[in-house]
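Please read the following note beside the sequence and the three-dimensional view. It is written for a reader who is new to protein structures.

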Amino acid sequence: MRIRNFALDLRQPLTTATGDIERREGFLVAVDVDGHTGIGEATPLPGWTESLDDCRAALDGVDHPKTAIETDALADTPAARHAVSLALADARARRDDTPLAASFASNPHTSLPVNSTVGDAPVEQTVEAAENAVSAGFDCLKLKVGARDTGADITRLRAVREAVGDDVSIRADANGAWDRWTADRVLAAISDLDLEYVEQPLPAEELAGHAVLRRRHDTPIALDESLASVPPVRALASNAADVLVCKPMALGGPDRVLDVASRARNAGVDIVVTTTIDAVVARLGALHVAAALPGERAHGLATASLLDSDVAADPAPVRDGKMSVPESPGLGIDPDAVLD
Ligand SMILES: [Mg+2]
């Protein structure tokens with residue numbers, strides 16, 4: 001297995017609950033299957049995966065990629081597992097001369113809607129950002145909430161709904177900022193706004209609290225950060241979510257997401273796939289996984305624009321709020337273009 005490291009600066013530092021992110025560092029790996037090369041990417045993210053050093057050590061310890069996946073030797077290093085699993089899937093799809101999405105499912109989507117993220121800002125800027133996204137073709141907005149007082153967030157959500165009309169889907173992502181009482185109050189106050197869902201209103205461990213919110217309110221509940229601390233099967237068993245936000249990098253690879261998705265389907269729960277602000281290889285992996293899932297939800301894949309540069313040209317840029325799934329074999333990217 002060949003391993004190459006990379007580092008990409010963000011255009012602007014991104015403030016998250018676990019600190020500012022200024023650059024994304026990780027590893028590209030190449031594996032061979034029956035004479036066909038496949039590529040994968042490991043881009044660890046603090047709070048979601050192992051550290052960069054642990055990721056490198058795990059990748060260095062892989063002698064036989066196929067065996068490493070089959071024996072679950074990389075279970076504790078999801079970013080490393082993601083790279084190896086994706087590279088194997090890419091190599092096999094290239095060998096079989098089929099796009100990756102078509103190797104995952106029989107009738108994959110050829111194009112997917114993606115959401116535009118609207119960051120925390122005062123109401124006027126929030127409305128302006130939302131209107132700009134809709135003008136650019138997005139029909140799904142994800143508003144960051146939870147950073148200011150709840151009255152201000154409720155005003156922002158209401159103003160955006162009034163500005164963009166009823167045809168645009170609106171999600172609110174609180175990143176676990178609220179306690180049960182606060183979440184209860186906000187959900188009651190926005191019940192008429194027809195939000196697609198509120199994502200992670202409560203802290204990650206609060207599965208029971210999310211289940212209570214689901215029972216008490218009509219607005220659907222999505223879990224994101226919870227999946228970094230509890231296994232997805234537990235989240236499903238707790239009836240804590242209408243939607244699971246799945247990050248292939250954090251779950252350990254495309255195969256893991258497909259497994260969660262089939263369990264979720266049996267529980268009547270939808271999946272939204274998102275990146276962890278990855279380079280083009282992992283973004284394409286997430287796109288192919290999302291394309292293999294049923295349903296029409298928008299996914300959180302429009303993150304290329306956050307990066308100042310990339311490891312190779314992007315064959316699936318966002319256009320009109322959508323991404324087209326590459327039709328060439330595998331991921332749709334030439335391994336040599338990435339590895340040189
Ligand atoms: Mg989220």
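The numbered points below concern a predicted model and take up its metal site, its strands and its cavity.

1. The metal site. The magnesium ion is held by three residues, namely Asp173 and Asp224 through OD atoms and Glu199 through OE, at 2.1 to 2.3 Å. Along the sequence these donors follow the spacing D-x25-E-x24-D. Asp173 belongs to strand E7 (residues 169-173) and Glu199 to strand E8 (residues 197-199), so this pair ties together parts that lie 26 residues apart in sequence.

2. Are Asp173 and Glu199 buried or exposed? Asp173 is buried, and Glu199 is buried as well.

3. Strands near the start of the numbering. Strands of a sheet pair through backbone hydrogen bonds, in either a parallel or an antiparallel manner. Strand E1 (residues 2-16) is paired with strand E2 (residues 19-33) in the antiparallel sense, over 11 bridges. Within this pairing, Ala7 stands opposite Glu25 of E2. E2 also pairs with strand E3 (residues 36-42), again in the antiparallel sense, over seven bridges. Here Val31 stands opposite Gly38 of E3.

4. The turn between E2 and E3. These two strands form a hairpin, with two residues between them. In the turn, Asp34 has a positive phi of about 50 degrees.

5. The open sheet. Which strands make up the open sheet of three, and in what order? The order is E4-E13-E12, and the pairing is antiparallel. Strand E4 (111-113) and strand E12 (318-319) are the edge strands, each pairing on one side only. E12 and strand E13 (residues 322-324) are joined in the antiparallel sense over two bridges. Arg319 stands opposite Lys322, a residue of E13.

6. The cavity. Rolling a probe the size of a water molecule over the atoms shows where empty space is left. How many cavities of 30 Å³ or more does the structure hold? There is one, and the largest cavity contains about 30 Å³ of space.

7. The cavity lining. The residues that line the largest cavity are Trp48, Leu227, Ala228, Val245, Lys247, Ala250 and Leu251. Helix H9 (226-229) and helix H11 (248-251) each contribute at least two residues to this lining. By class, the lining comprises six nonpolar residues, one charged residue and no polar residues.

Note on methods. Residues numbered from 1 in each chain as written. Predicted model: local features only at pLDDT ≥ 70, side-chain atom pairs only at ≥ 80, totals over all residues. Heavy atoms only, no water. Donors = N, O, S within 2.8 Å, 3.2 Å for Na, K, Ca; no water. Helix = DSSP H or I, 4+ residues; strand = E, 2+ residues; numbered from the N terminus. Buried < 20%, exposed > 50% of the residue type's maximum accessible area, 1.4 Å probe, protein only. Pairing = 2+ DSSP bridges. 1 Å grid on protein atoms, 1.4 Å probe; cavity = no way out; pocket = protein on both sides within 12 Å on 5 of 7 lines; lining within 4 Å. Points joined across faces, edges and corners; volume = space filled by probe spheres on them. Nonpolar A, V, L, I, M, F, W, Y, C, P; charged D, E, K, R; others polar.
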